Amino acid sequence: MGSRTSAWTRAGACAAVATLCVAGMTGGTARAADPLKIGVIAEESAISGIAIPNGAKLAAEEINKAGGVNGRMIQIIEYDDHASASDAVRAFQRAAHEDHVAAVIASYMSEVVLALEPWSGRLHTPMITPGAASDNITKRIKEDYDHLKYTFHGYMTSTSIADIVCDAAKDMLVDKLHMQTAVVMSEDAAWTGPLDAEYLKCLPKIGLKVLDHIRLSPDTTDFTPIYNKIEGEKPDVIITGLSHVGVQPTVQWQQQQVPIPMFGISSQATSSTFWKDTNGAAQGVVFNMASAPDTPVTPKTIPFAKAYVAKYGIDPGYAGYTAYDDVYMIADAVKRAGGTDPDKLVDALEKTDYVGTIGRVVFRGRDSEFPHALTIGKGYITGLMVEWDHGKQVTVWPEGVAEGKMSFPAFVKTKQSSAN
Amino acid sequence: MLTLQILIDGFAISSLYALGAVGFTLIFGVCGVLNLSHGAIMVAAAVAAWVFAGTYGAGPVGGALGGVVVGLVVAYVTYGLIVRPIQRSRLIPHEEKEIFVLTSTLLWGIMIQEAIAYFFTSNPKTVPPVIPGVINIAGVRTPTNELLTAVVSLGAIGLLWVLVNGTRRGRALLAAAINPRGLTLLGFELDRIYLLVWTIYGLLTGIAGVLLGAFLGVSSDNVGTLTASAFSIVVLGGLGSVSGSLVAAFVVGYLETCTAYLVSPTIRTVPVLLLLVAVVYVRPQGLLGRR
């Protein structure tokens with residue numbers, strides 16, 4: 001046994017040395033070609049995660065076709081973090097130490113981005129998240145700007161999203177359908193902490209009394225007891241905060257014919273595969289998105305969505321739009337910074353004023369409450385409410401850009417439908 | 001009203017648990033195999049049903065049948081490619097074979113899980129229900145699909161009971177669980193019995209996977225939990241005891257449902273795990289275990 005073990009040890013050592021040699025050679029070759037490397041760390045098996053490398057690769061191809069960045073071709077290096085913060089940290093270290101990326105675009109999960117944030121600071125590698133929402137990402141930058149200034153929040157914060165949902169709920173549910181009560185149903189995750197806190201503040205302000213606040217485990221598979229409890233409380237609407245779960249609560253809502261509409265955030269619903277995954281149970285689900293494939297939020301939105309569908313066969317999930325924009329923003333910052341020096345790149349990124357697929361991107365300054373968060377509001381990023389309608393995502397809010405009207409499935413009973 | 005709701009939901013979920021666990025315990029009882037790729041086979045069947053029904057337009061019934069067939073095929077592959085070569089290997093010492101089977105089926109399950117995640121994403125899939133709609137049972141709105149889940153699960157278990165107790169092959173199967181050597185001396189080919197058991201196992205697990213996919217939905221991320229859940233039920237009922245597994249499935253199903261409705265859905269599985277720990281301490285052979 002002993003000799004066999006030592007043989008294995010020797011073989012392992014040889015393999016390790018060989019691997020290191022190969023890795024060293026590869027690194028050398030890559031430096032000689034001198035492409036502009038951007039690392040993309042994402043949850044590639046997840047519906048919202050796969051859109052991140054897909055969107056980034058599409059942008060890189062377009063930029064490279066147009067001649068690259070100061071003659072340098074963009075090279076996207078993908079890492080699958082398997083929805084694990086520790087895998088993501090290892091990927092980030094590899095991206096910085098071995099692959100020598102200029103910047104990283106990372107994850108739609110707040111837990112992952114919060115784990116990467118200190119590494120972005122330690123390794124002086126600028127990072128943009130195209131999909132995580134937790135307010136804590138930028139709160140930390142405020143607390144320790146000098147160390148954490150390398151992180152940029154490329155998606156709306158949870159608080160901003162909650163405010164947008166409340167604005168939409170005021171117009172669509174309170175003013176038009178005269179709804180008065182709501183139950184907040186969110187998954188227990190880092191991003192929903194600030195989201196729920198803001199929901200509980202803004203919903204009463206718009207005239208929706210919150211009857212209950214349910215935080216469900218992301219591992220939940222049977223939602224029957226939850227819907228049963230909510231139905232017993234007789235709210236007019238369920239305001240959602242869902243991302244890690246989505247298909248199952250939607251299908252069970254439809255199969256059990258829960259007579260209360262769902263309105264709010266359902267990240268999985270932002271991907272076009274959601275209709276097929278739920279066998280059409282998504283009909284009438286209303287959810288928030290920064291961009292939708294049918295809405296010209298900016299002149300870039302629809303061409304991007306079309307190019308994405310042509311390349312990948314499905315509509316982009318929400319983080320696909322932002323990842324696509326992020327590559328353009330990094331390329332633009334590299335041009336303005338005159339290279340990839342991390343501190344100069346951070347300075348250039350801070351001065352970003354870029355019209356992308358989701359609106360006009362301007363990062364908030366060092367003195368704001370949330371440094372490096374997106375500026376939200378008219379003229380910047382406003383957000384949309386989109387509804388699944390017979391297999392299509394149709395924008396139903398705000399009125400100026402809406403392509404259709406909100407309508408719930410027959411089993412949903414609103415005050416208006418009861419009156420009719 | 002709440003009591004009736006708990007009774008109905010608990011019954012459906014318990015029946016499904018029973019179906020999932022019966023195959024698992026049967027394969028252990030007769031072949032001595034703790035198949036840790038059990039959850040992966042269930043998920044493979046469910047995802048296949050979803051693909052056949054949606055992408056290939058086979059409809060809910062065609063999809064369900066396709067899913068069961070895939071469950072059966074994956075079970076055969078598990079036996080032919082993973083378990084049998086280890087059992088017949090001369091290089092692996094006899095006393096180490098169980099641990100080899102345990103490890104290899106675990107790894108095989110992870111391979112199936114990763115393959116499903118790679119080709120179909122880890123996003124949950126729901127199999128279209130064979131009979132959609134709801135039925136009102138004394139004021140409780142119950143999806144027809146939920147009732148169908150219970151009926152099909154118990155029907156499949158009933159058929160298994162008839163097969164085991166009412167046919168010669170079935171009795172041979174029972175005998176193999178008690179004394180395989182004696183059975184060989186009587187002229188039975190153990191290989192054929194094992195193949196029969198794996199066929200039954202594949203069908204039961206395939207049906208359980210498809211029903212689970214239609215009732216609650218499945219994702220490749222559920223593989224570990226499903227195996228652990230079947231394992232817990234089987235340990236609770238007594239390893240290798242089919243009737244023990246049935247009792248344990250209903251104990252687990254109702255305990256979980258009561259917890260979800262009366263305490264909180266978040267801690268649904270906690271009391272079951274505590275019960276499992278208690279049973280392992282007080283009665284290690286399980287509720288109806290032989291030893």
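Visitor: How much space lies in the largest cavity?
Guide: In this predicted model, local features need pLDDT of at least 70, side-chain atom pairs count only at pLDDT 80 or more, and totals for chains, interfaces and linings use all residues. A cavity is a set of points, on a 1 Å grid over the protein atoms alone, where a 1.4 Å probe fits but cannot get out. Its volume is the space filled by probe spheres set on the points, which are joined across faces, edges and corners. For the largest cavity, this space is about 110 Å³.

Visitor: Which residues are the closest to the centre of the largest cavity?
Guide: Residues are numbered from 1 along each chain as its sequence is written. Lining residues have an atom within 4 Å of a point. The largest cavity has 13 of them, and the closest to its centre are Gly131(A), Tyr155(A), Ile265(A), Ser267(A) and Tyr318(A).

Visitor: Which domains of chain A each give at least three residues to this lining?
Guide: The bounds come from an automatic or database domain assignment. The lining of the largest cavity draws at least three residues from each of domain 1 (34–156 + 299–361) and domain 2 (159–289 + 390–419).

Visitor: Which residues of chain B line the second largest cavity?
Guide: Chain A contributes Asp222(A), Thr224(A), Gln252(A), Gln255(A) and Gln256(A) to this lining. From chain B come Pro143(B), Glu146(B), Phe215(B) and Leu216(B).

Technical notes:
Chains lettered and ligands numbered in written order. Heavy atoms only, no water. 1 Å grid on protein atoms, 1.4 Å probe; cavity = no way out; pocket = protein on both sides within 12 Å on 5 of 7 lines; lining within 4 Å.
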